[in-house]
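Please read it with the model open beside you.

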Amino acid sequence: MGSNEQNELCPGSLAEYLEDKQCFPYEEIPHFPVSTVQGHKGQMVFGILHGVPVMCMQGRFHYYEGYPLWKCAMPVRVMKLVGVTHLIATNAAGGLNPRYKVGDIMMVKDHVNMMGFAGNNPLQGPNDDRFGPRFPPMNKAYSTTLLDIGQQVADEMGINDIVHKGVYTCLGGPNFETVAELKMLRMVGVDAVGMSTVHEVITARHCDLSVFAFSLITNQCVIDYENHDEANHEEVMDVGKAKQSLLQDYVSRIVIRLKDMTNIEAK
């Protein structure tokens with residue numbers, strides 16, 4: 001089981017509760033990128049969660065930090081090489097769907113690869129056939145089985161009112177979006193906007209990992225010129241910290257169900 005996170009959302013903090021934990025700071029791993037974002041610890045953590053071997057990324061890498069997309073997604077290939085079969089990806093996102101409130105969870109059912117439209121893709125360059133095919137399909141990028149499990153866990157926890165299914169998009173950042181950009185994204189069916197995840201999911205599907213992803217809605221997107229609110233990183237971190245315990249429980253229950261379904265066990 002692999003996970004990556006943004007702004008110390010659940011998998012990052014969940015790493016603190018692993019048994020038999022081993023931590024590897026990014027700066028000590030040869031050729032590994034280093035996270036420069038406030039709120040990202042910057043280490044790879046291996047351990048056991050409810051009998052399941054887990055690899056957690058405490059801090060991820062972003063295009064706006066100056067890394068090419070293939071390097072931002074490199075940890076996913078490391079996961080594949082160490083035997084990971086399922087990826088749980090989380091992020092902090094702005095809610096574009098008017099039904100979403102700050103603190104809600106959006107399970108990602110699909111994405112719009114805006115950076116890919118501009119010709120920027122983590123799979124650019126020569127294809128490494130050891131990982132996957134030259135032209136991987138993305139119509140099943142997010143596992144419907146895992147989406148069902150995510151909904152079942154929400155039912156079990158009694159949090160249906162704050163859990164949604166929606167479409168995510170990743171923009172390059174680091175600036176937040178303009179009103180016109182957000183209006184355009186809403187018109188094409190995007191429900192939440194962030195600066196990560198899509199290139200990691202593409203890389204995960206290229207190497208045949210099953211993917212479940214969700215966004216914590218940390219701010220509501222401003223799509224009205226008369227609204228003078230402004231998104232800021234401190235707000236994002238505050239909401240993440242406030243929901244940390246709930247998200248840890250949510251992911252833990254998903255892992256337990258995956259264990260029951262797939263018989264993943266620590267060796």
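1. **Overall make-up.** The chain has 9 helices and 9 strands. Helices (H or I, at least four residues) and strands (E, at least two) are DSSP runs, numbered from the N terminus. The radius of gyration is 17 Å, close to the 18 Å that the globule rule gives for 267 residues, so the chain is as compact as a globular protein of that length. That radius is taken over C-alpha atoms, and the rule is 2.2 Å times the number of residues to the power 0.38. Along its principal axes, the C-alpha trace spans about 60 × 45 × 35 Å.

2. **What the values rest on.** This is a predicted model, in which local features need pLDDT of at least 70 and side-chain atom pairs count only at pLDDT 80 or more, while totals for chains, interfaces and linings use all residues. Residues are numbered from 1 along each chain as its sequence is written, and side-chain values use heavy atoms, with hydrogens and water left out.

3. **Burial.** Of the 267 residues of the chain, 54% count as buried. Buried means under 20% relative accessible area, exposed over 50%, and partly exposed in between (1.4 Å probe, protein chains only).

4. **The largest core.** How many residues does the largest nonpolar core have? It has 36. A nonpolar core is a set of buried Ala, Val, Leu, Ile, Met, Phe, Trp, Tyr and Cys residues joined through side-chain atoms within 4.5 Å. Those with the most contacts inside this one are Phe 32, Met 57, Leu 87, Met 106, Tyr 142, Tyr 168 and Leu 209. Several elements each supply at least two of its residues, including strand S4 (52–58), strand S5 (86–95), strand S6 (105–112) and strand S9 (210–220). Helix H7 gives the most, with 4 residues. Apart from this core lies another, of 30 residues, among them Leu 49, Val 153, Met 157 and Leu 258. In soluble globular proteins, nonpolar side chains tend to be buried together.

5. **Helix H7.** Why is H7 (residues 198–206) largely enclosed by the rest of the structure? Because 8 of its 9 residues are buried. They are Val 198, His 199, Glu 200, Val 201, Ile 202, Thr 203, Ala 204 and His 206. After H7 comes Asp 208, whose phi is positive, near 65°.

6. **Strand S9.** This strand is mostly covered, with 9 of its 11 residues buried. S9 runs parallel to S5, joined by 10 bridges. Leu 87 stands opposite Val 211 in S9. S6 and S9 run antiparallel, joined by 3 bridges. Here the bridge partner of Ile 105 is Leu 216 in S9. Two strands pair if DSSP finds at least two bridges between them.

7. **Thr 145 and Val 211.** Thr 145 sits in helix H5 (residues 144–157). At 39% relative accessibility, Thr 145 counts as partly exposed. Thr 145 and Val 211 are 66 residues apart in sequence, yet 9.7 Å apart in space, C-alpha to C-alpha.

8. **Aromatic pairs.** The structure holds 7 of these. Rings of Phe, Tyr and Trp (its six-membered ring) pair if their centres lie within 6.5 Å; planes under 30 degrees apart count as stacked, over 60 as edge-to-face and the rest as tilted. The rings of Tyr 26 and Phe 32 have centres 5.3 Å apart and planes at 45°, so this pair is tilted. Both Tyr 26 and Phe 32 are buried. For Phe 61 and Tyr 67, the centres are 6.1 Å apart and the planes at 75°, so that pair is edge-to-face. Phe 61 is buried at 0% relative accessibility, and Tyr 67 is buried at 18%. Ring pairs link Tyr 26, Phe 32, Phe 61 and Tyr 67 into a cluster.

9. **A charge over a ring.** Arg 77 lies over the face of Phe 131, at 4.5 Å from the ring centre. The criterion is NZ of Lys or CZ of Arg within 6 Å of the ring centre and within 35 degrees of the ring normal.

10. **Cysteines.** The structure holds 0 disulfides (pairs of cysteine sulfur atoms within 2.5 Å). For Cys 207, the nearest cysteine sulfur, that of Cys 72, is 16 Å away. Cys 207 is buried, with a relative accessible area of 1%. For Cys 221, the nearest cysteine sulfur belongs to Cys 170, 14 Å away. Cys 221 also counts as buried, at 17% relative accessibility.
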